[in-house]
Amino acid sequence: MLDTLTFLLEKLFLLAHIKLSSLLPPLGAERPLTRRCERDESPPQPAGAPHKFQRGDLLEVPRTLFTHFGIYLGENRVAHLIPDILPALTADSAQIGEMVTNTRLVLGVLSKRASIRVDSVEDFAYGAGILLNVMDRAVRRSPLSGEEVARRAEKLVGSVSYSLLWNNCEHFVTYCRYGTAQSLQTDQFCEWLKSLIRDQRNVLLTALLGLLSMLCLGISPSTALPTLLIPFTLWMAS
């Protein structure tokens with residue numbers, strides 16, 4: 001059962017966490033790059049490589065299905081928000097401080113529980129390359145000072161509520177670095193969802209699927225009601 005839930009959540013992550021690169025301005029429309037931005041465009045730094053991060057930097061780790069974010073605190077430490085059920089079950093700091101397993105993560109997503117924790121750069125990256133301050137090019141607000149960013153992150157360390165779309169790791173880092181919590185990936189997902197709803201071809205598609213389900217499963221309230229209500233809702237929303 002847990003494996004099935006993990007699979008479904010991975011598919012949801014795939015939809016909810018659109019790659020940030022699609023949000024960045026095209027090369028011809030970029031503002032003049034400063035030294036910091038030139039450094040930001042360098043290839044991802046391997047997790048095991050010597051770090052040149054500064055306190056308050058925004059670290060970004062592209063995963064296969066989503067992108068994870070954190071705030072560098074200095075001394076090889078990263079604060080990041082991650083779904084985790086364990087803080088709701090125990091106060092044992094030693095257990096909570098251990099690496100978050102997939103089971104803990106999935107149960108944290110389902111229970112809407114998370115923790116803002118401090119891990120080493122290596123544990124945060126989990127073997128992936130690290131992008132540095134890339135979001136500075138996509139967010140309109142200027143970053144706060146590095147010390148202020150780090151202080152904000154440190155104050156929030158502990159157990160928090162979690163929402164895949166409305167309170168995730170990207171909301172945490174944008175609040176710390178830019179002063180306002182937002183998720184560019186969530187915004188992109190919502191725009192995609194709106195375009196999907198507005199596409200009237202989906203009305204016909206859902207109607208045909210509904211008719212097919214009635215042909216295969218027979219006419220009953222469980223097949224007839226979705227066949228009528230889903231296309232009607234999409235039609236009214238389009």
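**Figure 1. Overview of the predicted model.** Of the 238 residues in the chain, 38% are buried. The model is predicted. Its chain is made up of 11 helices and six strands. Among contacts in the chain with a separation of 6 or more, 71% are between residues 24 or more positions apart. The structure contains eight salt bridges, one aromatic pair and zero disulfides.

**Figure 2. Salt bridge between arginine 104 and aspartate 84.** The two side chains meet at 2.6 Å, N to O. Arginine 104 and aspartate 84 are both buried. Within α5, the buried residues are Arg104, Val106, Gly108 and Val109. Lysine 112 follows α5 and has a positive phi, near 60 degrees.

**Figure 3. Salt bridge between arginine 177 and aspartate 136.** The N to O distance in this pair of side chains is 2.8 Å. Arginine 177 is in helix α8 (residues 169–178), whereas aspartate 136 is in the loop between β5 (131–132) and α7 (146–155); the pair links distant parts of the chain, 41 residues apart. Both partners, arginine 177 and aspartate 136, are buried. The loop between β5 and α7 also holds asparagine 133. Phi of asparagine 133 is positive, near 55 degrees, in a residue other than glycine. Asparagine 133 counts as buried because its relative accessible area is 0%, and the cut-off for buried is under 20%.

**Figure 4. Helix α8 and the residues at its ends.** Nine of the 10 residues of α8 are buried, and the helix is mostly covered. The buried residues are Cys169, Glu170, His171, Phe172, Val173, Thr174, Cys176, Arg177 and Tyr178. Cysteine 169 has a relative accessibility of 6% and therefore counts as buried. Cysteine 176, at 0% relative accessibility, is likewise buried. Asparagine 168 is placed in the loop between β6 (158–161) and α8. At the start of α8, a side-chain oxygen of asparagine 168 comes to within 2.9 Å of the backbone nitrogen of glutamate 170. Asparagine 168 is buried, with 1% relative accessible area. Just after α8, glycine 179 has a positive phi of about 90 degrees.

Figure 5. Salt bridges link Arg55, Glu147, Glu148, Arg151, Arg152 and Glu154 in a network. Glutamate 148 and arginine 152 are about one helical turn apart, because they are separated by four residues in helix α7. Glutamate 148 is partly exposed, at 24% relative accessibility. The charged end of arginine 152 also sits over the ring of tyrosine 175, 4.6 Å from the centre of the ring.

**Figure 6. Aromatic pair of phenylalanine 53 and tyrosine 72.** A search of the whole structure gives one aromatic pair. In this pair, phenylalanine 53 and tyrosine 72 are arranged edge-to-face, with 5.4 Å centre to centre and 65 degrees between the planes. Phenylalanine 53 lies in the loop between α2 (35–40) and β1 (58–62), and tyrosine 72 lies in strand β2 (residues 67–74); the pair links distant parts of the chain, 19 residues apart. Phenylalanine 53 and tyrosine 72 are both buried.

**Figure 7. Glutamate 75 in the loop between β2 and β3.** Most residues other than glycine have a negative phi. Glutamate 75 has a positive phi, near 55 degrees. At 70% relative accessible area, glutamate 75 is exposed.

Notes: Residues are numbered from 1 along each chain as its sequence is written. This is a predicted model: local features need pLDDT of at least 70, side-chain atom pairs count only at pLDDT 80 or more; totals for chains, interfaces and linings use all residues. Side-chain values use heavy atoms; hydrogens and water are left out. A disulfide is a pair of cysteine sulfur atoms within 2.5 Å. Buried means under 20% relative accessible area, exposed over 50%, partly exposed in between (1.4 Å probe, protein chains only). A salt bridge is a side-chain nitrogen of Lys or Arg within 4 Å of a carboxyl oxygen of Asp or Glu. Helices (H or I, at least four residues) and strands (E, at least two) are DSSP runs, numbered from the N terminus. Rings of Phe, Tyr and Trp (its six-membered ring) pair if their centres lie within 6.5 Å; planes under 30 degrees apart count as stacked, over 60 as edge-to-face and the rest as tilted. A charge sits over a ring if NZ of Lys or CZ of Arg is within 6 Å of the ring centre and within 35 degrees of the ring normal. Contact means heavy atoms within 4.5 Å. A polar contact is a pair of N or O atoms within 3.5 Å; within protein, one must be able to donate a hydrogen and the other to accept it, and residues adjacent in sequence count only if both atoms are side-chain atoms.
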